[in-house]
Amino acid sequence: MRIGFDSKLLPANGEEPQFAVVLLHGRNAEDATMRLLAGRWREHMGDTLFAMPIFQGAAEVADEEAVVDPSVPSIGLVLGAEALDAYIAGLRNDYGLTNDRIAIVGHMEGVALAFYHGLRQVESPSAIIGFSGDIEGFSDLRQDVKGRPPVLLVHGENDPVVSPVAFLQNYQALSQAGVPVSICFRPGVEREIESFGADSAMFFLKGVQATRPRRAAKAEKPVEDVAKSIKLVIWDLDETLWQGTLDDADAIVPHEARVEALRRLNRSGIVSAICSKNDFDIARRKLEALGLWDEFVFPRIAFVPKGAAIQTLIKDMQLKPKNCLFVDDNDINLAEAKAVLPDLHTLDAKSDECDAFLARLVESHAHVQKSRVEEYRSLQSRLTEGEAFEGDREAFLRTCDIHVAIATSSDLVDFAPRLEELINRTNQLNYMKTRVQPGSMVDFVSEASLREGFALFAWDKFGYHGLVGFIAADVRTEALLHMAFSCRIMHMGMESVLLHEAFQRFRNLQVPDSISVTPEIPSWITVEDFNNPEVRARILAEEISPDIDNRDVRIRFMANCQSGVFAHFSGLRDVAEIDSHPRIFVLSMILNKSYRLQNYPPAVVHYIGSDFFNVMWPREAWEHLESGLYEHCASEFCDFLKVKGRRLLVIGNPSDVGVNDDHIMRGITTTRMAAFGDVWRRLAAIRDEVDFLDVDDFVNQDRMVDCAHFRVDASRDIAKRITAWYESLPEELFEQEQLDETA
């Protein structure tokens, strides 16, 4: 079991957290109950961090177990407790919190994990709260309990799973074990967390927190933490970047280790600026001669006080002093800068520690493979021209030729690392104050039927600015989950554009009152279509690889909103073309022959779930699909691929998956799903160019979001089988394609 992804709501007061509350979901991890609860409490607990980890693998482990005795801990419970222990250890390390400042709250199945973990800690959590759940895995509470934190049990009279009798037995067992336990029993309530129960638990937590003294000001960050927080290095020149001074230019000897650190930092997203008391033209000529001028942005080279110069530089770059490092050999300059900007990090170029810290700085960002030099150079050009412009700001923005494009759904998988970086590194324009677990955004965006995201890319006449904004919302509740923007686009109206796009998808999007962004498209911004091949190619080239247009496309994934997911997890993205609405393939294209206009590389993967929905077919075709029309379309497509020399893998759907009223209204029935699957089984049995991936052996109802969308773990398993199929294809298939193109 592992934490697939998690979300954190930072303290509402904007300060370092005094406390943390870890909220554990039930088995349905996509239920927004805990997030809504965190949002409700956060308004009244402004100094508290709320963390919501999502455990993956719990349902699969539980389904394989046959534990009947509740006093025997299940494998899932043990593995979950281990994962939770590691997660809370991360909270302690990242935020300097001790266990007595971390509370654990569980809902339904999450209650068992909260108690099994929390009561076994020698250094117990500050409190444990259980909503509508049972306590499991203890053979004898009096013997098993190691810590006795205050406990609150909140339960509904009409809970259909855990009866009032079981609830009272839990209360009695805790009391007899010496655990200080309180209860909140709600007449007429089932399993939901209603207002009275939520408020009772909040006041319980506030009471516990009131017994803890306020933490002293946070100690200075360890060197490793400081290194991770740096976004900008401001360099002095004389006796810092080189030995010697420009007064005697011939005697200058570059400090090779620092020059190499500067170059490597630029490649890893840490930009470098200059603040030097020198003649600008002389310094520039020397830096150009050394091949270093283009490594810098925002050079401040003048005989002016460095404190004020650095203050203006950081403001122009729209950064915070705490994310900047100033390197200088002059003690007075360092002291002056620190006096003007107390949060600025400084480094004495004369000290033995200087090069060691720069090496740690390089190492801490080595995993990032994205330069931001051009992005900040564009910002510099825009500021310079803006200062010279005579007129109001809107008039200036209209001269900037600002363009944006918005990616959604399956397309976001390509940019998952950048989305994670944007959320975790953004402070000023992180409107929801969220943070996410490293490596978690791939899973987050891989289930677009649960969480829809919108990523904004921008460019103007000054250059390409990159991925500068992200909004995500819960599909079922329309609650806003993330809203973060790069500070480089501050005051340009891009927040309004992206929020406007989100409202086109979610008419009742729940935006907190604290976010004062108007959803609109300003007149000075042109919105481009991400699905335009030229626009998409440019963005992919900038964000992924400059050779994206010249790659050898060998496989196409045709699974609409799950295409990018399969491509990513299969490890074939570098040789793949992916479809995603509106640039998709559906079998109804056979009817108007438009399928012949699309490109099909040697290997083609199609998911039949894309064909289930009525909206994918002409109205007059609906009643004929199961009586031969679908099979006719499938056969014609196979004939076409055979003539073209292509191979097709069709991904089936689990036979035990159910449909709900919404699916039925959209044309999906169990009869249709079974009929479509049978068509492809028959074709695969008689045609060499077609293979059918029957998922019944490893995907069941629990591994589906709904009847046509896989959960992320199921997508991983499907992707492994796609890879095996692809690797089994004869090389001649791809060689013939190259010969055809040459001819």
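Hi everyone. Let me start with one term: a residue is called buried when its relative accessible area is under 20%. With that in hand, here is the overall picture of this protein, which is a predicted model. Of its 743 residues, 57% are buried.

Let's stay with the whole chain for a moment. The secondary structure comes to 26 helices and 27 strands. How compact is the protein for its length? Its radius of gyration is 29 Å, close to the 27 Å that the globule rule gives for 743 residues, so the protein is as compact as a globular protein of that length. If you draw a box around the C-alpha atoms along the principal axes, that box is roughly 85 × 85 × 50 Å. The accessible surface comes to about 31,600 Å², and carbon and sulfur atoms account for 49% of that surface. As for how the chain meets itself, take the contacts between residues at least 6 apart in sequence: 74% of them join residues at least 24 apart.

T312 is found in helix α11, residues 306-316, and with 40% relative accessibility it counts as partly exposed.

For a contrast, please find helix α4, residues 109-118. In α4, 9 of the 10 residues are buried, so this helix is largely enclosed by the rest of the structure. The buried ones are G110, V111, A112, L113, A114, F115, Y116, H117 and G118.

How many aromatic pairs does a search of the whole structure find? There are 20. One of them is F454 with F506, an edge-to-face pair with 6.4 Å from centre to centre and 85 degrees between the planes. This pair links distant parts of the chain: F454 is in strand β17 (residues 451-460), F506 is in the loop between α18 (494-505) and β20 (525-528), and the two are 52 residues apart. Are these rings buried or exposed? F454 has 2% relative accessibility, so it counts as buried, and F506 is buried too, with a relative accessible area of 1%.

A second pair to look at is Y600 with F640. These rings are also edge-to-face, 5.7 Å centre to centre with 75 degrees between the planes. Y600 lies in the loop between α21 (589-592) and β23 (603-607), while F640 is in helix α22 (residues 629-644), so the pair ties together parts that are 40 residues apart in sequence. Both Y600 and F640 are buried. They also belong to one aromatic cluster, together with F585, Y595 and F637.

R451 lies over the face of F444, at 5.1 Å from the ring centre, and R721 lies over the face of F698, at 3.6 Å from the ring centre.

Next, the cysteines. How many disulfides does a search of the whole structure find? It finds 0. Take C561: the nearest cysteine sulfur, that of C707, is 12 Å away, and C561 is in no disulfide. C561 has 16% relative accessibility, so it counts as buried. C184, at 9% relative accessibility, is buried as well.

C561 brings us to S409, a residue that it touches. S409 sits in the loop between β15 (402-408) and α16 (416-425), and it is buried, with a relative accessible area of 10%. Which residues is S409 in contact with, leaving aside its neighbours within four places in sequence? They are V445, A448, E452, G453, C561 and S580.

I'll finish with some backbone details. Which two residues does a cis peptide bond join? They are H581 and P582, with omega at about 5 degrees; P582 is found in the loop between β22 (576-578) and α21.

S132 has a phi of about 55 degrees. S132 is in the loop between β5 (127-131) and α5 (141-144), and it is buried, with a relative accessible area of 3%. Q318 has a positive phi of about 60 degrees. Q318 lies in the loop between α11 and β13 (324-328), and it is buried at a relative accessible area of 13%. That α11 is the helix where we found T312.

How values were computed
Residues numbered from 1 in each chain as written. Predicted model: local features only at pLDDT ≥ 70, side-chain atom pairs only at ≥ 80, totals over all residues. Heavy atoms only, no water. Phe/Tyr/Trp six-rings, centres within 6.5 Å; stacked < 30°, edge-to-face > 60°. Helix = DSSP H or I, 4+ residues; strand = E, 2+ residues; numbered from the N terminus. Buried < 20%, exposed > 50% of the residue type's maximum accessible area, 1.4 Å probe, protein only. Lys NZ or Arg CZ within 6 Å of the ring centre and 35° of its normal. Rg over C-alpha atoms; globule rule 2.2 N^0.38 Å. Contact = heavy atoms within 4.5 Å. Areas by Shrake-Rupley, 256 points an atom, 1.4 Å probe, with all protein chains shown as cover. Disulfide = S-S within 2.5 Å.
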